[in-house]
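Hi everyone, thanks for making time for this.

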Amino acid sequence: MERKVKVAAVSYLNTKPLLYGFRNHPVMEMMELSMDYPAKIAQQLIDGEVDVALVPVAIIPRLKEYHIIADYCIGAEGPVASVCLYSDVPLNEIKRIYLDYQSRTSVALLKVLVQEYWKLDVELVATTGDYQDKIKGTDAGLIIGDRALAQRKVSPFIYDLAESWMRFTSLPFVFAAWISNKPLPAEFTSAFNDATGAGTRNIPAVVAENPYELYDLTTYYIHNISYPLTPAKRQGMQRFLSYLFEKEPAAAIR
C-alpha cells in the first residue's frame, strides 16, 4: 500500500469490543487510528480527512461514495440501553426534547419515532454541550453513549430508541457501521474485518479491561449491543435510510 489508511473511531464503551482486536494485529501496520465523538468523525469522513470511520449511518446520504467494509457494527435487536429519551414525565406529557449533539443517527431516529410512531407534538432543541440538567418537568432529553448509561440512574422515564424502532418496524437497528469513502485494497479490508471482529468473540476480556460501576458491561455487550452486521440489520438500515432519503427507497447498501 502506498500510504496508511486513515481510520477514525469512537471511544465510547460500546465500541470497545470493535477496537479490542486492533492491538498487536498486522492491520495496524496498514492504518492510522484516531478517536473522537460520532458527529466529529462523521464530518471527517465526509470531508475526506479520513478514509474509514465507525460512523452514524445517518451520514450515508451526505457521502458522495460509500462502502461498508466490515461485517460488524453498533446495532441492536432490542433495548440498546445507551440511546434513550429521558424524561421526568410520561411520553405524552413531554413538550420539549433536547437533542444530543454527538450523533446524527440517534437524532434522526428520534425524529422518525416522534413523527411516525409516537406522533408527538414537541419542540426539538439542538445542543452543543452538556444539557442533562435541563431534563426536568416536561423537558426531556435524548442522550447517547456512556452518559446515557449514567442517566439511567437519574430519570424515572426511559424510552429506549432501539426498542421503540423494533416495535415500530419489527426490524433491528444499526446505529453505526465501518464505512469508507473510497474503494480500499482487499488485503486491508480482509485484515481489518478480522481485527474488528476479534473483540466480539472475546467479550470477557473486553469487560475485564473496562471496569464500569454504573451498568453491567457483560449484559451491555451481549444482550444490548448486537455487533454482527446481519442481513436483517442491513434490511433495518435500508428502512431507516428510506426515511432519510425523504421516504424514497434508498440506494442499495454496498
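Before I name any partners, one convention: two strands count as paired if DSSP finds at least two bridges between them. And please keep in mind that this is a predicted model.

With that in place, let's begin at strand β8, residues 139-144. In β8, R96 has D139 as its bridge partner. That contact belongs to the pairing of β8 with strand β6, residues 96-98, where the two strands run parallel and are joined by three bridges.

Now look at the other neighbour. Strand β5, residues 83-87, pairs with β8 in the antiparallel sense, over four bridges. As a reminder, strands of a sheet pair through backbone hydrogen bonds, either parallel or antiparallel.

So what is the strand order of the whole open sheet? Reading across, the order is β7-β6-β8-β5-β9, five strands with mixed pairing. The edges are β7 (123-125) and β9 (157-160), each of which pairs on one side only. From one strand to the next, the twist averages 25 degrees.

Back to β8 for a moment: are its residues buried or exposed? Six of its six residues are buried. D139, G141 and I143 point one way, while A140, L142 and I144 point the other way, and the residues of both groups are buried.

Next, the helices. Helix α3, residues 104-117, lies across β5, β6, β7 and β8, and runs at about 135 degrees to β8. Helix α5, residues 161-169, also packs on the sheet, where it touches β5, β8 and β9. The direction of α5 makes about 55 degrees with that of β9.

Finally, α3 has a helix partner too. Two packed helices are described by the angle between their axes and the distance between the axes. For α3 and helix α9, residues 231-244, the angle is about 80 degrees and the axes are 11 Å apart. Angles of 65 to 115 degrees count as roughly perpendicular, so α3 and α9 are roughly perpendicular to each other.

Which residues meet there? From α3 we have T105, A108, L109, V112 and E116, and from α9 we have F240, Y243 and L244. The residues of this contact divide into six nonpolar, one polar and one charged.

That's my tour, and I'm happy to take questions.

Conventions: Residues are numbered from 1 along each chain as its sequence is written. This is a predicted model: local features need pLDDT of at least 70, side-chain atom pairs count only at pLDDT 80 or more; totals for chains, interfaces and linings use all residues. Side-chain values use heavy atoms; hydrogens and water are left out. Buried means under 20% relative accessible area, exposed over 50%, partly exposed in between (1.4 Å probe, protein chains only). Axes are lines fitted to C-alpha atoms, for helices over the stretch in contact, and angles run from 0 to 180 degrees between N-to-C directions. Contact means heavy atoms within 4.5 Å. Angles under 35 degrees count as roughly parallel, over 145 as roughly antiparallel, 65 to 115 as roughly perpendicular and the rest as oblique. Ala, Val, Leu, Ile, Met, Phe, Trp, Tyr, Cys and Pro count as nonpolar, Asp, Glu, Lys and Arg as charged, and the others, Gly among them, as polar.
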